[in-house]
Amino acid sequence: MAEPATLVRPAGHDAVLSCGRAGVFARCLRGEVRQPLDTARLRAELPAVTTGLPTGAALSVVVHVATFLPMMWRFARPDWPEVVDDATHGRSVGAIAATDAGAPGTDLTAMTTRLEITGGDVVLDGAKTWVTNGLTADHLIVLARHRPGRHFGAFTAVLVPADTPGVSRAPAPTDLMAGAGLATVRFREVRLEKRHILGGVGRGLAAFLEHIAGERFAGGVWSAALGRELITGTVEHLRKRSIDDRPLWERSSARHALARLDVRLRMLDALVERVAATGERDRLPAGDTMAVKAAVGELLPELAEHCLHARGADGLTAGSGIRALADDLRAFAIAGGSTETMLDMIATELARP
(Lines give C-alpha, C1' and ligand atoms only; values in the text may rest on other atoms or scores of the structure.)
Protein backbone atom coordinates (compact mmCIF):
# COMPACT_ATOMS: atom_id res chain seq x y z
CA MET A 1 0.00 0.00 0.00
CA ALA A 2 1.08 3.58 -0.46
CA GLU A 3 2.28 5.77 2.40
CA PRO A 4 -0.33 7.10 4.86
CA ALA A 5 -2.15 10.22 3.70
CA THR A 6 -0.84 12.12 6.72
CA LEU A 7 2.80 11.57 5.79
CA VAL A 8 4.70 14.81 5.29
CA ARG A 9 6.69 14.66 2.09
CA PRO A 10 10.39 15.30 2.74
CA ALA A 11 12.26 18.11 1.04
CA GLY A 12 14.04 15.66 -1.25
CA HIS A 13 10.76 14.74 -2.93
CA ASP A 14 10.14 18.35 -3.92
CA ALA A 15 13.77 18.84 -4.98
CA VAL A 16 13.57 15.86 -7.35
CA LEU A 17 10.34 17.08 -8.92
CA SER A 18 11.71 20.63 -9.29
CA CYS A 19 14.88 19.41 -11.03
CA GLY A 20 12.82 17.28 -13.40
CA ARG A 21 10.46 20.11 -14.28
CA ALA A 22 13.42 22.40 -14.92
CA GLY A 23 14.80 19.93 -17.46
CA VAL A 24 17.91 19.03 -15.44
CA PHE A 25 17.41 15.27 -15.66
CA ALA A 26 16.59 15.30 -19.37
CA ARG A 27 19.81 17.21 -20.04
CA CYS A 28 21.85 14.77 -17.91
CA LEU A 29 20.69 11.71 -19.86
CA ARG A 30 21.43 10.65 -23.41
CA GLY A 31 20.46 8.00 -25.94
CA GLU A 32 23.53 5.82 -25.34
CA VAL A 33 22.14 2.49 -24.14
CA ARG A 34 25.26 1.18 -22.41
CA GLN A 35 25.87 4.39 -20.47
CA PRO A 36 22.75 6.61 -20.36
CA LEU A 37 24.27 9.16 -17.96
CA ASP A 38 25.79 12.26 -19.57
CA THR A 39 28.70 12.61 -17.17
CA ALA A 40 29.97 15.96 -18.44
CA ARG A 41 26.52 17.52 -18.23
CA LEU A 42 25.88 16.04 -14.78
CA ARG A 43 29.20 17.39 -13.52
CA ALA A 44 28.24 20.83 -14.79
CA GLU A 45 24.64 20.89 -13.52
CA LEU A 46 24.53 18.91 -10.27
CA PRO A 47 26.48 21.40 -8.08
CA ALA A 48 24.15 24.22 -9.10
CA VAL A 49 20.93 22.37 -8.26
CA THR A 50 22.20 20.98 -4.95
CA THR A 51 23.80 24.17 -3.61
CA GLY A 52 21.84 25.30 -0.58
CA LEU A 53 19.86 22.07 -0.29
CA PRO A 54 20.00 20.07 2.94
CA THR A 55 22.21 17.01 2.53
CA GLY A 56 19.21 14.68 2.65
CA ALA A 57 17.44 16.51 -0.17
CA ALA A 58 20.62 16.56 -2.26
CA LEU A 59 20.98 12.81 -1.71
CA SER A 60 17.46 12.31 -3.05
CA VAL A 61 18.40 14.11 -6.26
CA VAL A 62 21.67 12.16 -6.64
CA VAL A 63 20.02 8.74 -6.30
CA HIS A 64 17.16 9.63 -8.65
CA VAL A 65 19.29 11.06 -11.46
CA ALA A 66 22.38 8.86 -11.18
CA THR A 67 20.98 5.39 -10.44
CA PHE A 68 17.20 5.15 -10.81
CA LEU A 69 16.91 7.04 -14.10
CA PRO A 70 19.88 5.39 -15.89
CA MET A 71 18.55 1.94 -14.99
CA MET A 72 15.09 2.92 -16.20
CA TRP A 73 16.43 4.44 -19.43
CA ARG A 74 18.47 1.32 -20.12
CA PHE A 75 16.04 -1.45 -19.14
CA ALA A 76 12.51 -0.03 -18.92
CA ARG A 77 11.93 2.32 -21.84
CA PRO A 78 10.43 -0.30 -24.19
CA ASP A 79 7.90 -1.56 -21.61
CA TRP A 80 7.41 1.48 -19.39
CA PRO A 81 7.81 4.62 -21.53
CA GLU A 82 5.30 6.61 -19.45
CA VAL A 83 7.10 5.78 -16.18
CA VAL A 84 10.46 6.77 -17.64
CA ASP A 85 9.01 10.00 -19.02
CA ASP A 86 7.34 10.96 -15.74
CA ALA A 87 10.51 10.29 -13.73
CA THR A 88 12.61 12.27 -16.20
CA HIS A 89 10.38 15.35 -16.33
CA GLY A 90 9.46 15.87 -12.69
CA ARG A 91 6.11 14.09 -12.42
CA SER A 92 7.28 11.21 -10.23
CA VAL A 93 10.08 10.11 -7.90
CA GLY A 94 12.04 6.85 -8.03
CA ALA A 95 13.98 4.76 -5.53
CA ILE A 96 16.46 1.89 -5.57
CA ALA A 97 15.76 -0.81 -2.95
CA ALA A 98 18.95 -2.87 -2.70
CA THR A 99 20.11 -2.98 0.94
CA ASP A 100 18.35 -5.96 2.49
CA ALA A 101 16.74 -5.95 5.92
CA GLY A 102 17.73 -9.60 6.33
CA ALA A 103 21.45 -9.30 5.57
CA PRO A 104 24.43 -7.00 6.21
CA GLY A 105 24.27 -3.99 3.91
CA THR A 106 27.70 -4.70 2.41
CA ASP A 107 26.79 -8.31 1.55
CA LEU A 108 24.26 -8.05 -1.25
CA THR A 109 24.58 -11.72 -2.16
CA ALA A 110 23.23 -12.67 1.29
CA MET A 111 19.90 -10.91 0.69
CA THR A 112 16.75 -12.71 1.79
CA THR A 113 14.18 -10.77 -0.25
CA ARG A 114 12.73 -13.36 -2.62
CA LEU A 115 11.18 -13.26 -6.07
CA GLU A 116 9.14 -16.30 -7.07
CA ILE A 117 8.67 -16.61 -10.82
CA THR A 118 5.72 -18.80 -11.79
CA GLY A 119 3.73 -18.79 -15.01
CA GLY A 120 2.94 -15.27 -16.10
CA ASP A 121 3.42 -13.63 -12.69
CA VAL A 122 6.13 -12.93 -10.16
CA VAL A 123 5.63 -12.70 -6.39
CA LEU A 124 7.90 -10.55 -4.22
CA ASP A 125 8.44 -11.12 -0.46
CA GLY A 126 10.92 -9.51 1.91
CA ALA A 127 12.11 -6.13 3.13
CA LYS A 128 14.61 -3.46 2.17
CA THR A 129 16.06 -0.83 4.47
CA TRP A 130 17.79 2.56 4.21
CA VAL A 131 15.99 3.19 0.93
CA THR A 132 16.58 6.80 -0.21
CA ASN A 133 13.28 8.30 -1.43
CA GLY A 134 11.62 5.18 -0.07
CA LEU A 135 8.96 7.06 1.86
CA THR A 136 7.44 8.85 -1.09
CA ALA A 137 8.73 7.17 -4.26
CA ASP A 138 6.14 6.40 -6.92
CA HIS A 139 8.20 3.48 -8.25
CA LEU A 140 10.96 1.35 -6.75
CA ILE A 141 13.55 -0.79 -8.48
CA VAL A 142 13.85 -3.76 -6.12
CA LEU A 143 16.71 -6.25 -6.12
CA ALA A 144 15.69 -9.77 -5.05
CA ARG A 145 16.88 -13.34 -5.35
CA HIS A 146 14.96 -15.75 -7.55
CA ARG A 147 17.02 -18.80 -6.57
CA PRO A 148 19.38 -19.83 -3.74
CA GLY A 149 23.10 -19.16 -3.79
CA ARG A 150 25.54 -16.28 -4.09
CA HIS A 151 26.13 -16.38 -7.82
CA PHE A 152 25.40 -13.10 -9.63
CA GLY A 153 22.86 -14.91 -11.78
CA ALA A 154 20.69 -15.66 -8.74
CA PHE A 155 19.35 -12.10 -8.52
CA THR A 156 16.73 -10.21 -10.52
CA ALA A 157 15.56 -6.58 -10.51
CA VAL A 158 11.87 -5.71 -10.69
CA LEU A 159 10.00 -2.44 -11.07
CA VAL A 160 7.43 -2.09 -8.27
CA PRO A 161 4.76 0.64 -8.27
CA ALA A 162 4.61 1.88 -4.68
CA ASP A 163 0.82 1.56 -4.52
CA THR A 164 0.86 -2.16 -5.35
CA PRO A 165 -1.04 -4.23 -2.73
CA GLY A 166 1.40 -5.73 -0.23
CA VAL A 167 3.88 -2.81 -0.27
CA SER A 168 4.30 -0.94 3.00
CA ARG A 169 6.89 1.54 4.19
CA ALA A 170 8.02 3.26 7.37
CA PRO A 171 10.65 5.89 8.18
CA ALA A 172 14.16 4.54 8.74
CA PRO A 173 15.25 4.73 12.41
CA THR A 174 17.59 7.73 12.07
CA ASP A 175 17.56 11.51 12.20
CA LEU A 176 20.48 11.78 9.76
CA MET A 177 20.00 12.91 6.16
CA ALA A 178 16.69 14.55 7.00
CA GLY A 179 14.67 15.12 3.84
CA ALA A 180 15.99 12.07 1.96
CA GLY A 181 12.85 10.06 2.66
CA LEU A 182 14.90 7.18 4.08
CA ALA A 183 12.61 4.21 4.64
CA THR A 184 12.25 0.55 5.39
CA VAL A 185 10.06 -0.92 2.65
CA ARG A 186 8.33 -4.28 3.11
CA PHE A 187 6.90 -6.53 0.43
CA ARG A 188 4.33 -9.13 1.41
CA GLU A 189 3.16 -11.36 -1.41
CA VAL A 190 3.46 -8.51 -3.89
CA ARG A 191 2.17 -9.91 -7.17
CA LEU A 192 3.41 -8.42 -10.45
CA GLU A 193 3.32 -9.27 -14.13
CA LYS A 194 6.50 -10.65 -15.67
CA ARG A 195 6.97 -7.45 -17.63
CA HIS A 196 8.01 -5.79 -14.34
CA ILE A 197 11.31 -7.69 -14.55
CA LEU A 198 14.06 -5.28 -15.67
CA GLY A 199 16.81 -6.48 -17.97
CA GLY A 200 15.91 -10.17 -17.79
CA VAL A 201 15.93 -12.86 -15.13
CA GLY A 202 19.29 -13.19 -13.40
CA ARG A 203 20.68 -9.85 -14.56
CA GLY A 204 19.62 -7.74 -11.59
CA LEU A 205 22.77 -7.70 -9.47
CA ALA A 206 25.11 -7.16 -12.40
CA ALA A 207 22.94 -4.27 -13.65
CA PHE A 208 22.76 -2.71 -10.19
CA LEU A 209 26.52 -2.90 -9.61
CA GLU A 210 27.17 -1.39 -13.02
CA HIS A 211 24.84 1.56 -12.44
CA ILE A 212 25.77 2.16 -8.79
CA ALA A 213 29.00 3.47 -10.34
CA GLY A 214 26.94 6.42 -11.59
CA GLU A 215 25.74 7.15 -8.08
CA ARG A 216 29.31 7.05 -6.75
CA PHE A 217 30.41 9.41 -9.50
CA ALA A 218 27.51 11.80 -8.84
CA GLY A 219 28.24 11.60 -5.12
CA GLY A 220 31.80 12.67 -5.89
CA VAL A 221 30.57 15.62 -7.96
CA TRP A 222 28.26 16.73 -5.17
CA SER A 223 30.89 16.16 -2.46
CA ALA A 224 33.59 18.10 -4.28
CA ALA A 225 31.26 21.09 -4.61
CA LEU A 226 30.16 20.78 -0.98
CA GLY A 227 33.77 20.53 0.18
CA ARG A 228 34.64 23.71 -1.72
CA GLU A 229 31.76 25.52 0.01
CA LEU A 230 33.02 24.32 3.41
CA ILE A 231 36.57 25.50 2.80
CA THR A 232 35.50 28.85 1.40
CA GLY A 233 33.16 29.49 4.33
CA THR A 234 35.79 28.52 6.89
CA VAL A 235 38.44 30.78 5.34
CA GLU A 236 35.98 33.65 5.49
CA HIS A 237 35.19 32.90 9.13
CA LEU A 238 38.87 32.74 10.13
CA ARG A 239 39.60 36.03 8.38
CA LYS A 240 36.87 37.76 10.37
CA ARG A 241 37.74 36.30 13.80
CA SER A 242 40.67 37.78 15.68
CA ILE A 243 42.64 37.13 18.85
CA ASP A 244 44.73 40.04 20.14
CA ASP A 245 43.74 41.99 17.03
CA ARG A 246 45.28 39.32 14.83
CA PRO A 247 42.96 37.41 12.44
CA LEU A 248 42.98 33.67 13.02
CA TRP A 249 43.67 33.23 9.32
CA GLU A 250 47.15 34.69 9.79
CA ARG A 251 48.16 31.76 12.01
CA SER A 252 50.18 29.18 10.10
CA SER A 253 48.51 26.26 11.86
CA ALA A 254 45.07 27.34 10.64
CA ARG A 255 46.26 28.09 7.12
CA HIS A 256 48.23 24.85 6.70
CA ALA A 257 45.45 22.63 8.03
CA LEU A 258 42.96 23.97 5.50
CA ALA A 259 45.58 23.95 2.73
CA ARG A 260 46.20 20.23 3.30
CA LEU A 261 42.48 19.51 3.11
CA ASP A 262 42.28 21.65 -0.02
CA VAL A 263 45.00 19.56 -1.68
CA ARG A 264 43.00 16.40 -1.02
CA LEU A 265 39.84 18.08 -2.31
CA ARG A 266 41.61 19.04 -5.54
CA MET A 267 42.73 15.42 -5.94
CA LEU A 268 39.12 14.26 -5.50
CA ASP A 269 37.94 16.77 -8.08
CA ALA A 270 40.62 15.62 -10.53
CA LEU A 271 39.50 12.02 -10.08
CA VAL A 272 35.88 13.03 -10.65
CA GLU A 273 36.94 14.83 -13.84
CA ARG A 274 38.75 11.69 -15.01
CA VAL A 275 35.64 9.56 -14.44
CA ALA A 276 33.51 12.12 -16.28
CA ALA A 277 35.85 12.05 -19.29
CA THR A 278 35.86 8.25 -19.42
CA GLY A 279 32.07 8.14 -19.07
CA GLU A 280 31.67 10.28 -22.15
CA ARG A 281 33.41 7.60 -24.22
CA ASP A 282 32.46 4.35 -22.52
CA ARG A 283 30.94 2.82 -19.40
CA LEU A 284 31.93 4.36 -16.10
CA PRO A 285 35.20 2.85 -14.81
CA ALA A 286 34.31 0.73 -11.77
CA GLY A 287 37.73 1.06 -10.13
CA ASP A 288 37.82 4.84 -10.41
CA THR A 289 34.26 5.24 -9.09
CA MET A 290 35.14 3.02 -6.11
CA ALA A 291 38.15 5.27 -5.52
CA VAL A 292 35.84 8.30 -5.63
CA LYS A 293 33.56 6.74 -3.02
CA ALA A 294 36.50 5.81 -0.77
CA ALA A 295 37.97 9.30 -1.06
CA VAL A 296 34.64 10.96 -0.26
CA GLY A 297 34.05 8.69 2.74
CA GLU A 298 37.35 9.71 4.30
CA LEU A 299 37.71 13.34 3.22
CA LEU A 300 34.25 14.87 3.67
CA PRO A 301 33.67 13.85 7.32
CA GLU A 302 37.19 14.97 8.22
CA LEU A 303 36.73 18.28 6.41
CA ALA A 304 33.39 18.94 8.07
CA GLU A 305 34.76 18.12 11.53
CA HIS A 306 37.71 20.46 10.96
CA CYS A 307 35.48 23.28 9.77
CA LEU A 308 33.17 22.75 12.75
CA HIS A 309 36.13 22.91 15.15
CA ALA A 310 37.50 26.03 13.42
CA ARG A 311 34.26 27.85 14.20
CA GLY A 312 34.62 27.18 17.92
CA ALA A 313 31.52 27.75 20.03
CA ASP A 314 29.71 29.29 17.05
CA GLY A 315 29.62 25.89 15.42
CA LEU A 316 27.94 24.31 18.43
CA THR A 317 25.02 26.69 18.74
CA ALA A 318 21.49 25.37 18.37
CA GLY A 319 20.49 25.17 14.73
CA SER A 320 24.07 25.44 13.51
CA GLY A 321 24.14 24.30 9.92
CA ILE A 322 27.75 23.14 10.12
CA ARG A 323 27.03 20.96 13.14
CA ALA A 324 24.13 19.20 11.43
CA LEU A 325 26.19 18.86 8.26
CA ALA A 326 29.07 17.23 10.15
CA ASP A 327 26.63 14.70 11.59
CA ASP A 328 25.23 13.89 8.15
CA LEU A 329 28.62 13.53 6.50
CA ARG A 330 29.66 10.80 8.94
CA ALA A 331 27.25 8.61 6.99
CA PHE A 332 29.36 9.05 3.83
CA ALA A 333 31.81 6.42 5.11
CA ILE A 334 28.99 3.86 5.38
CA ALA A 335 26.09 4.57 3.03
CA GLY A 336 26.23 3.40 -0.58
CA GLY A 337 29.10 1.02 0.17
CA SER A 338 31.40 1.49 3.15
CA THR A 339 34.89 2.90 2.74
CA GLU A 340 36.31 -0.45 3.87
CA THR A 341 34.30 -2.29 1.20
CA MET A 342 35.58 0.08 -1.47
CA LEU A 343 39.18 -0.41 -0.29
CA ASP A 344 38.76 -4.20 -0.30
CA MET A 345 37.53 -4.14 -3.90
CA ILE A 346 40.29 -1.75 -4.98
CA ALA A 347 42.88 -4.00 -3.31
CA THR A 348 41.46 -6.99 -5.19
CA GLU A 349 41.97 -5.10 -8.46
CA LEU A 350 45.56 -4.30 -7.46
CA ALA A 351 46.35 -8.01 -7.12
CA ARG A 352 45.09 -8.93 -10.58
CA PRO A 353 47.76 -9.70 -13.18
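What does the lining of the second largest pocket have by class: how many nonpolar, polar and charged residues? The tally is 12 nonpolar, six polar and four charged residues, where Ala, Val, Leu, Ile, Met, Phe, Trp, Tyr, Cys and Pro go down as nonpolar, Asp, Glu, Lys and Arg as charged, and the others, Gly among them, as polar. The model is a predicted one, so local features need pLDDT of at least 70 and side-chain atom pairs pLDDT 80 or more, while totals for chains, interfaces and linings use all residues. Numbering runs from 1 along each chain as its sequence is written, and side-chain values use heavy atoms, with hydrogens and water left out.

The second largest pocket holds about 400 Å³ of space. A pocket here is an open set of points on a 1 Å grid over the protein atoms alone, where a 1.4 Å probe fits and protein lies on both sides within 12 Å along at least five of seven lines; lining residues have an atom within 4 Å of a point. Points are joined across faces, edges and corners, and the volume is the space filled by probe spheres set on them. Of the 22 lining residues, Leu53, Pro54, Thr55, Leu226 and Leu325 lie nearest the centre. (Helices are DSSP runs of H or I, at least four residues, numbered from the N terminus.)

On to the charged pairs. The structure holds 21 salt bridges, each a side-chain nitrogen of Lys or Arg within 4 Å of a carboxyl oxygen of Asp or Glu. In one of them, aspartate 282 meets arginine 34 at 2.4 Å, N to O. This pair ties together distant parts of the chain, 248 residues apart: aspartate 282 sits in the loop between α7 (252-281) and α8 (286-310), arginine 34 in the loop between α2 (24-27) and α3. Aspartate 282 counts as partly exposed because its relative accessibility is 38%; the class falls between buried (under 20% relative accessible area) and exposed (over 50%), with a 1.4 Å probe and protein chains only. Arginine 34, at 39%, is partly exposed too.

Glutamate 305 and arginine 330 also form a salt bridge, at 2.6 Å, N to O. Here helix α8 supplies glutamate 305, and the loop between α9 and α10 (339-350) supplies arginine 330, 25 residues apart. Glutamate 305 is partly exposed at 31%, as is arginine 330 at 41%. Elsewhere, salt bridges with shared partners join Arg27, Arg41 and Glu45 into one network.

Notes: Helix = DSSP H or I, 4+ residues; strand = E, 2+ residues; numbered from the N terminus.
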